[in-house]
Amino acid sequence: MVDGNGAAEVANGAVGPLYDAAPIIEVQDLSISYDGKTALQDVTLDIYRHEIFGIIGPANSGKTSFLRALNRMEAFNLGMEVRGSVSINGKNINDWQNEYALRSRIGVVFPLPVGLPLTVYENVAFSPRLRGIRKRAQLDEVVERCLTRAALWDEVKGRLDSLGSLLSGGQQQRLTIARALSQEPELLLLDEFSIAIDPVTTMRIEDVLKELCGELTIVLVTNLVQQARRLADRTAFFLMGELVEIGATEDLFEGKVKDERTTGYIEGRFG
Amino acid sequence: MAWYVDRAARILVFIGGISAIVFIVGIFVFVTKEGLDFVIGPLNLGEFFTSIAWRPTSNNPTYGALALIVGTASVTGFAMLLSVPLSLGAALFIAEFATGKTRETLKILVEMLAAIPSVVWGFVGMSIMNPLIIQIFDVPVGLTVLNAGLILGLMAAPIMTTIAEDALKAVPDTYREAAEALGATRWEVIVKVVIPASKNGLLAAVLLGVGRGFGETMAVLMASGHAINLPTSPFDSVRALTATIAAELGDTVQGGNHYGSLFALGILLFVVTFVINLTADIVVRGIRKK
């Protein structure tokens, strides 16, 4: 088991200068259960600014629950109980009276693309409008910028007024990424975003993510070990609700592990 | 063996499906046949739509249905004014805010409300609302547009609530989750995502309520005062198309002019209902295409 200090050591030792001293997310003893059944047990870790933090692990290991706890989406699951503390920018997320304001600063991309039943344009303009941006020119600018950054603009610029749900699966997923970016988030949470899209689109999105981490922090949950290898600066391995190991991605993939199970999973001996 | 079962099932299901068409056509043919002779014969259409003199049993009979049309329209309109916001609110609460036991209990109660016979509602209108209205508003008669509208509104509300709630529940939770993840509040999610996504179903619910109001007979007969009158305020008594047919048909001679005139009202009701449904269909298709 690795604790928060271990993570900091890895961060400072391996890729130190990349990170600000203070982590953007500090997770302390986080446990999550559904109707009394434990999904995640005593997870403590830090996530640093401008890194891509990968989380790998087989199904039911608590990866998605972890993400949901970060923006307090537990309100959505009856019976989901969260203990321990999560701080973002040093402030405990439960101290936010208004969880909507908290969520508006965190972009989320779900496993299956969810085009809201609105036009392409309105999908991306949704969050800016919530923030009170009303001027058409300003919205136009945000929509174009976010769609461009999500590598979708060229494909949809002629059909901004058609329904978002009519786009192909891969396009819809990039639309949800554009939508997440329109929040101008500090933090982008991706939950197995490539599960429903083809490899070519996946690679395009991965390129986008690599560019983005200069501006924001990305937490990437993935069931594709190689995706974590390609993208993540550091990777955590969750197994059946336990944080087995956390380390620089390179180290984990080169076999420099503290727990044999990590290598076992990475090499596909179980999963 | 499976092949026979399949065959038999197909035929049975086909009969079930086709029977709806058969009955609709049958009713249409029957109503038209009974009323058509009168409509193309003695009936003066100008008088029918512009006069309020409904005197089919007079020595010099006149068949002005305007008061009946306005009566039905005013009572239905008043009922919708009450029941549309009430049922949409109830549906929103049940579908979006209530959880667990509250939700289940409410759903059951609403469905039970829908099962109350209309004569019971009429009874409520006559013996409870009537004196209440007289007392509260200090008017001479309590069997009025207000009374019938309230009763009808309460009657239409459960079915509208149930249909609207189904429509709201049909909106996938992933939409709500995605919108909330974007920082939208519950209310913003409802207004900007859930309602637009379910507007077909909501419209269907409202139109079903309108149809219910239009077609309701017994409660309206009992609560509206059943007086031929062009209402100028909610405190006037009126008479509805349906109530007129129900109250008078038993006293007519089959094939006579009075009999035919009631079937003319029936044709009118049929046409209006048809137009409402057709409009709904066109609107819904229009929304769907976009």
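The radius of gyration used here is taken over C-alpha atoms, and the globule rule is 2.2 Å times the number of residues to the power 0.38. With 271 residues, a compact globule would come out near 18 Å, and chain A has 18 Å, which agrees. This is a predicted model, so local features need pLDDT of at least 70 and side-chain atom pairs count only at pLDDT 80 or more, while totals for chains, interfaces and linings use all residues. Residues are numbered from 1 along each chain as its sequence is written, and chains are lettered from A and ligands numbered from 1 in the order in which they are written.

**Chain A overall**
- Chain A has eleven helices and ten strands, where helices (H or I, at least four residues) and strands (E, at least two) are DSSP runs numbered from the N terminus.
- Its C-alpha trace spans about 55 × 40 × 40 Å along the principal axes.
- Of its 271 residues, 46% count as buried (20 or more other C-beta atoms within 10 Å of a residue's own; exposed is 12 or fewer, partly exposed is in between, and C-beta atoms are placed from the backbone).
- Take the contacts (C-beta atoms, placed from the backbone, within 7 Å) between residues at least 6 apart in sequence: 70% of them join residues at least 24 apart.

- Strand β7 of chain A covers residues 187-191, and five of its five residues are buried.
- A:Leu187, A:Leu189 and A:Asp191 point one way, while A:Leu188 and A:Leu190 point the other.

**The neighbours of β7(A)**
- Strands count as paired if DSSP finds at least two bridges between them.
- β6(A), residues 106-109, pairs with β7(A) in the parallel sense over four bridges, and A:Gly107 stands opposite A:Leu188.
- β8(A), residues 217-221, also pairs with β7(A) in the parallel sense, over five bridges; here A:Thr217 is the bridge partner of A:Leu187.
- To get from β7(A) to β8(A), the chain goes through helix α8(A), residues 199-212, in a right-handed β-α-β crossover (with the strands pointing away from the viewer, the path from the first strand over the helix to the second runs clockwise).

**The nonpolar core**
- A nonpolar core is a set of buried Ala, Val, Leu, Ile, Met, Phe, Trp, Tyr and Cys residues joined through C-beta atoms within 7 Å.
- The largest one has 148 residues, and A:Ile218, A:Leu220 and B:Ile151 have the most contacts inside it.
- Helix α6 of chain B (residues 145-169) gives the most to this core, with 16 residues.
- Leaving out residues up to four places away in sequence, A:Ile218 touches several residues, including A:Leu188 and A:Leu190.

Note on methods:
Two residues are in contact if their C-beta atoms, placed from the backbone, lie within 7 Å.
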